Amino acid sequence: MENNVFQLQYAMDTFYFLVCGALVMWMAAGFAMLEAGLVRSKNTTEILTKNVALFAISCTMYLVCGYAIMYDGGFFLSGITEVDTAAVLADYAAREDGFEGGSIYSGASDFFFQVVFVATAMSIVSGAVAERMKLWAFLAFAVVMTGVIYPMEGAWTWGGASVFGMYSLGDLGFSDFAGSGIVHMAGAAAALAGVLLLGPRKGKYGANGQVNAIPGANLPLATLGMFILWMGWFGFNGGSVLKLGDIANANAVAVVFTNTNAAAAGGLIAALILARILFKKADLTMALNGALAGLVAITAEPSTPTPFEATIIGAIGGLIVVFSILTLDKLKIDDPVGAISVHGVVGIFGLLVVPFTNDGATIGGQIAGGLTIFVWVFVASFIAWGIIKAVMGLRISEEGEYEGADLAECGMEAYPEFTSK
C-alpha cells in the first residue's frame with residue numbers, strides 16, 4: 001500500500017512539474033506578443049522570428065551541453081531511458097522523513113522545466129536590442145548564451161557548484177527561489193552588454209539630451225503579451241516549489257500563486273499612479289511594465305512573504321521600473337521595451353529584499369550572488385557580442401533600419417496591406 005501511495009505522489013509531482021513547465025513555455029508567446037506590440041510595425045516580423053528561433057536554439061543548446069554544464073554531467077548525455085521504478089522506490093524507502101524528503105520527479109521532467117527557464121532568459125535579450133540588430137547576429141549570441149553563459153551561472157546557484165572553485169554562494173547565504181537574479185537579471189545583463197555595443201535607434205535621442213518617444217505599433221498585442229506572461233509566471237514561481245504531493249507543499253504552492261498574483265497587481269497599480277503623477281496621463285506601457293516588474297520582484301522569494309508584503313514588494317518594483325526607464329533614457333541607453341529595467345534593475349531589488357522575509361538568506365549573500373551573476377554574464381556577453389560584431393557586425397544598415405528590419409532581414413512585412421505601393 002505504501003508503495004502505491006508513493007507511486008501516486010511521484011505521478012502527481014511529475015505531472016505538476018510538467019504542467020508548470022508548459023506554462024513557462026507559454027511565456028515565450030507572451031514575450032513575442034509584448035515585444036511585437038512595443039516595436040514599430042516595420043520591425044514586427046523580425047522580432048517574431050527572433051522569438052521563435054531563440055526558443056528552438058535555447059532548447060537545442062541546453063540539450064546538447066547546457067544542462068550538463070549546469071548540473072555536472074546532466075541527464076541527456078546518455079539519452080532518455082525508462083525510469084527505474086525499483087531504484088526510485090528504494091530511494092524513497094531510505095528516506096527517514098518519508099514524503100517530506102524533498103522533491104521527487106523524473107530527470108526528463110527536470111530537464112523540461114529547466115530548459116524553458118533558459119529560453120525565458122534569452123527572450124529578455126530580444127526586446128532590448130530590437131529594431132536595429134541583425135537577426136543572425138542575435139541568433140549567434142543565443143547559441144553562446146544558452147549553451148554556456150547561462151548554464152555556468154546556473155551551476156554556481158541552483159547547481160550548487162563553487163564559483164571557479166573559489167567560493168560557494170550557498171554557503172554565503174544566497175537564495176533565489178525562482179530566478180529574479182539567475183534568470184531575469186542574467187538576461188538583462190546580457191541585453192545591456194549588447195545594447196552598449198549596438199547603440200540607440202536612429203532618431204531616439206536628439207541634441208541637448210532630448211528623448212524622442214518611438215511608440216509601439218500595437219498596444220492591444222502588447223497588453224495580451226503582458227497577460228500571457230502574468231499567467232505563465234504561476235508556472236515559473238509555482239513550479240519552483242518542485243512538488244505538490246503532500247499537504248505542506250500543496251499549501252506552499254497556493255501561497256506562491258497568491259503572492260505572485262498580488263505582486264503583479266501591486267506593481268501595475270504603483271506604476272500607473274506614478275506615471276499619472278509624472279506625465280499627467282495614464283501611460284499604458286508603464287502599467288504593463290509595472291505588472292512585469294512586480295512579478296520579477298517577487299520571483300526571488302514568493303513563498304515566505306504575506307500577501308500584503310508581496311503586494312508592497314511588487315508595488316516598489318513598479319515604482320522602480322518607471323524611474324529606471326526614465327534614467328536609462330537620460331543615459332541614452334535605448335531599450336525599446338524596457339527589458340533592462342524590468343528584469344535587470346528590478347531583478348536586483350528582488351534579490352536584495354529576500355532577507356526581509358526569509359531568515360535563511362543574508363544581505364551579504366544576496367549581494368555576492370547578484371554581483372557574481374551580473375559580472376559573469378555581462379563580461380562574458382560583452383566579449384561574445386564583441387566577437388560577433390567583429391566577425392559579422394551587429395547592426396543592420398541605416399537604410400535597412402529606415403525601411404524596417406522586416407524587409408531588410410526577413411524579406412516580408414507583418415502588415416503588408418497597410419503599406420502604400
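Me: Buried means under 20% relative accessible area, exposed means over 50%, and partly exposed is in between (1.4 Å probe, protein chains only). Which of these does K332 count as?

Reply: This is a predicted model, in which local features need pLDDT of at least 70 and side-chain atom pairs count only at pLDDT 80 or more, while totals for chains, interfaces and linings use all residues. Residues are numbered from 1 along each chain as its sequence is written, and side-chain values use heavy atoms, with hydrogens and water left out. At 43% relative accessibility, K332 counts as partly exposed, and K332 lies in the loop between α10 and α11, where helices (H or I, at least four residues) and strands (E, at least two) are DSSP runs numbered from the N terminus.

Me: What is the phi of K332?

Reply: Most residues other than glycine have a negative phi. K332, which is not glycine, has a positive phi near 60 degrees. K280 also has a positive phi, near 65 degrees, and is placed in the loop between α8 (247-279) and α9. With a relative accessible area of 56%, K280 is exposed.

Me: How many salt bridges does a search of the whole structure find?

Reply: Side chains of opposite charge can pair when their charged atoms come close. The search of the whole structure finds five salt bridges, each being a side-chain nitrogen of Lys or Arg within 4 Å of a carboxyl oxygen of Asp or Glu. In one of them, the side chains of E131 and R40 meet at 3.1 Å, N to O. This pair links distant parts of the chain, 91 residues apart, since E131 sits in the loop between α4 (107-128) and α5 (135-156) and R40 in the loop between α1 (2-38) and α2 (44-70). E131 is buried at a relative accessible area of 2%, whereas R40 is partly exposed at 22%.

Me: Which residue forms a salt bridge with K243?

Reply: K243 pairs with D246, the closest N and O atoms being 3.3 Å apart. K243 is buried, with a relative accessible area of 2%, and D246 is buried as well, at 9%. Another salt bridge joins E401 and R395 at 3.0 Å, N to O; E401 is buried at 4% relative accessibility, while R395 is partly exposed at 22%. Shared partners also join the salt bridges of R40, E131, R201 and D334 into one network.

Me: At what angle do helix α9 and helix α10 pack?

Reply: Axes are lines fitted to C-alpha atoms, for helices over the stretch in contact, and angles run from 0 to 180 degrees between N-to-C directions. Helix α9 (residues 284-299) packs against helix α10 (residues 307-330) at about 125 degrees, with the axes 7 Å apart. The two are therefore oblique to each other; angles under 35 degrees count as roughly parallel, over 145 as roughly antiparallel, 65 to 115 as roughly perpendicular and the rest as oblique. The residues in contact (heavy atoms within 4.5 Å) include G290 and A293 of α9 and G314 and G317 of α10.

Me: Where do the axes of helix α6 and helix α11 stand?

Reply: The axes of α6 (residues 180-198) and α11 (residues 339-353) come within 8 Å and cross at roughly 140 degrees, which makes α6 oblique to α11. Among the residues making this contact are H184 and M185 of α6 and H343 and G344 of α11.
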